[in-house]
Structure formats: C-alpha cells, structure tokens
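Please consult the sequence and model shown below while reading.

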Amino acid sequence: MNPQRFGYLSSRPASAADEEFLAALYASTRTNLQHLPVPREVIDAIVRHQHALQALGYAEAFPDAEYLVLEHDGIPIGRAVLSATPRELRLVDLSIVPEARRLGHARAVLAALQERATARGCAVALRVRNDNDEARALYGSLGFMVVSSDEVAQQMRWTPASD
C-alpha cells in the first residue's frame, strides 16, 4: 500500500516493528483500567489481553482494513485503522499518543477522510464510545451525525453535501 497523507500528517503501513509503539498507544487509551485496585502487573496483563482481543475483533470484522501508523515530522504520533467499501470509508480506530492529543491531529485525519469521501461520493462512518466525550464533540463539530447507539457506543456517519 502506498503511504497516505492526512493533511500535514503522513502515514505508513504498520509493521511488526511498530508493535511496542502500538501496544503503548493502546494502553494509553485505557485510562479506565489504570486505577483498578489490583497490582500493576495485573492491569498490564488485562491491557495486553484486551489489545489482542481488539486486534482479533478488527481482523474478523474488517478483514481488508488498512493499519496505518500516523507520523508528524517523521515521529509516530498515532494510528488509524481504515476500511473502505464503495459506499463508505470506515474509520475503525483512531488513536493519538497522549502528548500529541488536542493539537488538531485527529481533526486533520478526519478532514482528509471527508475530502476523500467527497471525491468518491461516499460517506465516512465510525463508532465512538459513549464515555469518549472529547471525540464525540470533535465528530459532531465536523458534521458527523449519530445514526444508532447502544449502552456502549454510538455509530456516527458523515455524508458529503449534495450539489
């Protein structure tokens, strides 16, 4: 696969050499587990197990997905998992390292996906956890609409404006 640009961010396919970075990135998204009243090694084991389960779930649900490491000035700052069909571009996962959050990187990725979707004449779809208020606010500010929800997450969709 060819490297993709997301505004000012570059990307490259994730590889086995990225596994340590990706594991740490995943762990940084699981702040809900960090204060469990158990030893640190138990928390680490839970996070590793859930990371593996996530990978299996994505592989099963999105067998043709692209796994990309996002880079800013050559430094890995996140990852995006994308799955494309003729009708939609699905953002399966978007994660940014803690020190690079709230700097506009996720917005750049989403804006680039919206541009691609407009060019293709398709929608952008994603799923966001109900407890991720910042992400839900970002998606809403970019025109994503809730199309369904359950006790865990919302399915959101953005559709290009018709001419």
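In the hairpin formed by β1 and β2, two residues lie between the strands, and G7 adopts a positive phi near 65°. Strand β1 (residues 5–6) pairs with strand β2 (residues 9–13) in the antiparallel sense over two bridges; strands count as paired if DSSP finds at least two bridges between them. R5 stands opposite S10 in β2.

## Basis of the model

The model is predicted: local features need pLDDT of at least 70, side-chain atom pairs count only at pLDDT 80 or more, and totals for chains, interfaces and linings use all residues. Residues are numbered from 1 along each chain as its sequence is written, and side-chain values use heavy atoms, with hydrogens and water left out.

## Overall architecture

The protein has four helices and eight strands. These elements are DSSP runs numbered from the N terminus, helices being H or I with at least four residues and strands being E with at least two. Along the sequence they follow the pattern β-β-α-α-β-β-β-α-β-α-β-β.

A compact globule of 163 residues would have a radius of gyration near 15 Å, and the 16 Å of the protein agrees with this. That radius is taken over C-alpha atoms, and the globule rule is 2.2 Å times the number of residues to the power 0.38. The C-alpha trace spans about 55 × 35 × 30 Å along its principal axes. Buried residues (under 20% relative accessible area, with a 1.4 Å probe and protein chains only) make up 40% of the 163 residues. Of the contacts (heavy atoms within 4.5 Å) with a separation of 6 or more, 56% are between residues 24 or more positions apart.

## The sheet

Eight strands form an open sheet of mixed pairing, in the order β1-β2-β3-β4-β5-β6-β8-β7. β1 and β7 (145–149) stand at the edges with a single partner strand each, so one side of each is left without a neighbour in the sheet.

β3 in turn pairs with strand β4 (residues 75–84) in the antiparallel sense over seven bridges, with V69 opposite R79 in β4.

β7 and strand β8 (residues 153–158) pair in the antiparallel sense over four bridges, and V146 stands opposite M156 in β8. β7 is hardly covered, since the count of buried residues among its five residues is zero.

α1 lies across β3, β4 and β5 (88–96), running at about 85° to β4. α2 also packs on the sheet, where it touches β3, β4 and β5, and its direction makes about 170° with that of β5. Axes are lines fitted to C-alpha atoms, for helices over the stretch in contact, and angles run from 0 to 180 degrees between N-to-C directions.

Helix α1 (residues 19–29) packs against helix α2 (residues 40–61) at an angle of about 105°, with the axes 10 Å apart. That makes α1 roughly perpendicular to α2, a term applied to angles of 65 to 115 degrees. E19, L22, A23, Y26 and A27 of α1 make the contact with V47, Q50, H51 and Q54 of α2. The contact residues divide into five nonpolar, three polar and one charged. In this scheme Ala, Val, Leu, Ile, Met, Phe, Trp, Tyr, Cys and Pro are nonpolar, Asp, Glu, Lys and Arg are charged, and the others, Gly among them, are polar.

Note on methods. Angles under 35 degrees count as roughly parallel, over 145 as roughly antiparallel, 65 to 115 as roughly perpendicular and the rest as oblique. Buried means under 20% relative accessible area, exposed over 50%, partly exposed in between (1.4 Å probe, protein chains only).
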